[in-house]
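Subject: The structure you asked about

Hi,

Here is the structure, ready for you to open alongside this note. Below it I go through what turned up.

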Amino acid sequence: KQWYQRRVRAAHPSIVPYQGFTTSDGFIVVAANNDHQFWELSEAVGWPWLASNPMFSTNELRVENRAALIGHLSERFKEEGTEYWVKLTEGYSFSISPVNSVKEAFEGPGSEGMVVDEGG
């Protein structure tokens with residue numbers, strides 16, 4: 001689990017939020033690439049005050065105030081599980097994706113035929 005926590009924390013240097021977060025039962029990657037997507041994200045997570053906060057109203061300001069914003073979002077994402085957050089994105093332009101373990105990746109949808117037994 002520590003490896004995931006280190007790896008998921010990787011963040012885009014000039015887009016905020018565009019990074020991994022811990023949920024109540026796993027990890028997600030959140031990408032809000034522009035101001036419109038950030039407004040949608042704020043509404044979807046039930047915290048519209050984030051987008052109206054002058055510290056976070058533009059991507060430039062979100063980059064400048066990254067630590068404060070990521071602190072708020074980290075707190076919120078820990079309140080629910082990974083599946084909840086992934087399903088939340090339906091109908092929105094931002095994205096939230098699960099971070100799967102290798103086992104989950106090979107057992108999940110679309111994994112059929114990923115491993116071929118060469119008989120050896």
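Let me start on the surface, where Val 102, Phe 106, Met 114 and Val 115 form a nonpolar patch. Together these four residues have about 410 Å² of accessible area. A patch here takes residues with over 30% relative accessible area and no salt bridge, joining nonpolar side chains (Val, Leu, Ile, Met, Phe, Trp, Tyr) within 5 Å and like charges within 9 Å. The areas come from the Shrake-Rupley method with a 1.4 Å probe, and for residues only the protein chains shown count as cover. Val 115 sits in the segment after helix 7 (102–107). Val 115 counts as exposed because its relative accessibility is 61%. Exposed means over 50% relative accessible area, buried means under 20%, and partly exposed is what lies in between (1.4 Å probe, protein chains only).

Two notes on how to read all this. The model is predicted, so local features need pLDDT of at least 70 and side-chain atom pairs count only at pLDDT 80 or more, while totals for chains, interfaces and linings use all residues. Residues are numbered from 1 along each chain as its sequence is written, and side-chain values use heavy atoms, with hydrogens and water left out.

Now the overall picture. The protein has seven helices and three strands, and from the N terminus on its elements run α-β-β-α-α-α-α-α-β-α. Both kinds of element are DSSP runs numbered from the N terminus: helices are H or I with at least four residues, strands are E with at least two. The C-alpha atoms fill a box of roughly 60 × 30 × 25 Å along the principal axes. Of the 120 residues, 38% are buried.

The strands make an open sheet in the order 1-2-3, with antiparallel pairing. Strand 1 and strand 3 (95–98) are the edge strands, each pairing on one side only. From one strand to the next, the twist averages 25°; axes are lines fitted to C-alpha atoms (for helices over the stretch in contact), and angles run from 0 to 180 degrees between N-to-C directions. Strand 1 (residues 18–22) and strand 2 (residues 27–31) run antiparallel and are joined by five bridges. Two strands pair if DSSP finds at least two bridges between them. These two strands form a hairpin with four residues between them. To find your way along it, look for Tyr 18 opposite Ala 31, and for Gly 20 with its bridge partner Val 29. Strand 1 is mostly covered, with four of its five residues buried.

On to the aromatics: how many pairs does a search of the whole structure find? The search finds five. Rings of Phe, Tyr and Trp (its six-membered ring) pair if their centres lie within 6.5 Å; planes under 30 degrees apart are stacked, over 60 edge-to-face, and the rest tilted. Trp 47 and Trp 49 are a tilted pair, because their ring centres are 5.4 Å apart and their planes stand at 35°. Trp 47 is buried at 15% relative accessibility, whereas Trp 49 is partly exposed at 39%. Phe 77 and Trp 85 have ring centres 4.9 Å apart and planes at 85°, so they are edge-to-face. Both Phe 77 and Trp 85 are buried. Ring pairs also link Phe 21, Phe 77, Tyr 84 and Trp 85 into a cluster.

Finally, there are three salt bridges, each defined by a side-chain nitrogen of Lys or Arg within 4 Å of a carboxyl oxygen of Asp or Glu.

- Arg 62 and Asp 35: the closest N and O atoms are 2.9 Å apart. Arg 62 is in helix 4 (residues 59–64) and Asp 35 in helix 2 (residues 35–44), so the pair ties together parts 27 residues apart in sequence. Arg 62 is buried at 0% relative accessibility, and Asp 35 is partly exposed at 29%.
- Arg 76 and Glu 79: the closest N and O atoms are 2.6 Å apart. Arg 76 is buried at 10% relative accessibility, while Glu 79 is partly exposed at 43%.
- Glu 83 and Lys 87: the closest N and O atoms are 2.9 Å apart. These residues are separated by about one helical turn because they are four residues apart in helix 6 (residues 82–88). Glu 83 is exposed, at 53%.

Best wishes
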